[in-house]
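User: I'm new to this one. Could you take me through the part around the ligand, and how the helices there sit against each other?

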Amino acid sequence: MLITGEHARPHVPWIVGCLVAAAGALGWFLVESVGQSAWPSGGSKVGLALGVAAGLICLFEFLLWPRKKLRTWRIGPVQWWLRAHIWLGLLVVPLAVLHSGFRLGGPLSAATMVVLVIVIVSGVWGLAMQQFLPSRMLDLVPGETIVSQIPHLSGLAARDGARLVAAVCGDQSTDDDDDGELATHLVVGAVRQVGALQGRVLLTSAAPSEPVPESESLRAFFEGSARPYLLSGKAGCPGLAGERAARAWFLEVRAGLPPAAHPAVAALEDLCSQRRQWDRQAWLHGWLHAWLLVHLPLSVLLMALLAAHVVWALMYTTHPIPFIH
Ligand code: HEM
């Protein structure tokens, strides 16, 4: 969810509401502390009320998960849920801290507090990623594709490159090779910059109709470096992963080949630049989603700890809880 710039306005009532609630909770806590030798505990009237409020909000926060799974349910717009999730989630921090009376307590309360903090920090981190990464992605990855398709597209790029190289260097395919087809045309989604604008363009590059003499070094370069890079990205050939180093390398390859092979080198360079973008996209995509691998499982753990904390507090606490003792 975006919360900056033009998207900020609908968040304002939530921010104000949560600030007022936090200030109210602090005010009540301070009033209850007057004349006491220690901060009110979690079992005091104010401590218990703030604890119940924090716990109910945590439960509401967790309900975002089923809400997202059950999109067809008419239980409020998803945008409303997300806004409430962010700001009420942050409100839990002052409520939980005041509920604790600034004490960590026993191992169970301490563990609950630590997990709560990690869930909230991971949520803030994820929210920050959501503000920052999509626009970065547009800048850095004009040739964006569907991330799950990258391995398949990489295989196709390697196959197209192999056909082009076979057309330039002469076909050496054996019966074991995939199909032994030669390229006549190769379409590459290359990245081009015009002034300040960068974008993806489809380039068609014609393969030579006859093999080019003295072009064997192209096959060696393709098999040893470009094909592994197209197939596996940086892991396949780290030397082609950096833009500048790759450009220098391609210049060197071109210099060792007759001019008739140069368009094929340019097409391979475009294929590699496309692959570099996919790697970048996969990396950014990982950052955009990795935080949920912390946020979601730990929020499940938090629910379990909270339930245990409540049961333990009701049954075994040594502090007298008003309304119960
Ligand atoms: C008690 C605290 C919290 C709990 C139990 C909790 C739990 C959850 C759960 C269960 C989800 C759904 C995961 C999914 O998409 O499958 C979620 C998503 C999310 N949470 Fe939290 N959360 C908490 C606090 C926060 C806070 C404080 C923030 C940020 C300030 C936050 C930011 C997010 C974001 C950005 C998402 C993804 C929403 C989306 O765009 O789909 N969470 N959280």
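Analyst: Read along the sequence, the pattern goes α-α-α-α-α-α-β-β-α-α-α-α, which makes ten helices and two strands (DSSP runs numbered from the N terminus: H or I of at least four residues for helices, E of at least two for strands). Keep in mind that this is a predicted model: local features need pLDDT of at least 70, side-chain atom pairs count only at pLDDT 80 or more, and totals for chains, interfaces and linings use all residues. Residues are numbered from 1 along each chain as its sequence is written.

Now to the ligand. It has 25 residues around it, and the closest are Glu 61, Trp 65, Gly 89, Gly 123 and Ser 299 (a residue counts as near if its C-beta atom, placed from the backbone, lies within 6 Å). Helices α2 (45-62), α3 (64-69), α4 (78-100), α5 and α10 each bring at least two residues to this shell, and α5 gives the most, with seven. Sorted by class, the shell has 16 nonpolar, seven polar and two charged residues. Here Ala, Val, Leu, Ile, Met, Phe, Trp, Tyr, Cys and Pro count as nonpolar, Asp, Glu, Lys and Arg as charged, and the others, Gly among them, as polar.

Helix α5 covers residues 107-140 and helix α10 residues 292-316; their axes are 9 Å apart, at an angle of about 150°. Axes are lines fitted to C-alpha atoms, for helices over the stretch in contact, with angles from 0 to 180 degrees between N-to-C directions. The pair is therefore roughly antiparallel, a label for angles over 145 degrees. Their crossing is left-handed, meaning the near helix is turned anticlockwise from the far one by less than a right angle.

Who touches whom? On the α5 side, the residues include Leu 108, Val 115, Ile 118, Val 119 and Gly 123, and they meet α10 residues including Leu 298, Ser 299, Leu 302, Leu 305 and Trp 312. Contact here means C-beta atoms, placed from the backbone, within 7 Å. By class, the contact between α5 and α10 has 15 nonpolar, eight polar and no charged residues. Two names from the ligand's closest neighbours, Gly 123 and Ser 299, turn up in this contact as well, Gly 123 in α5 and Ser 299 in α10.

Terms used: Angles under 35 degrees count as roughly parallel, over 145 as roughly antiparallel, 65 to 115 as roughly perpendicular and the rest as oblique. Two residues are in contact if their C-beta atoms, placed from the backbone, lie within 7 Å.
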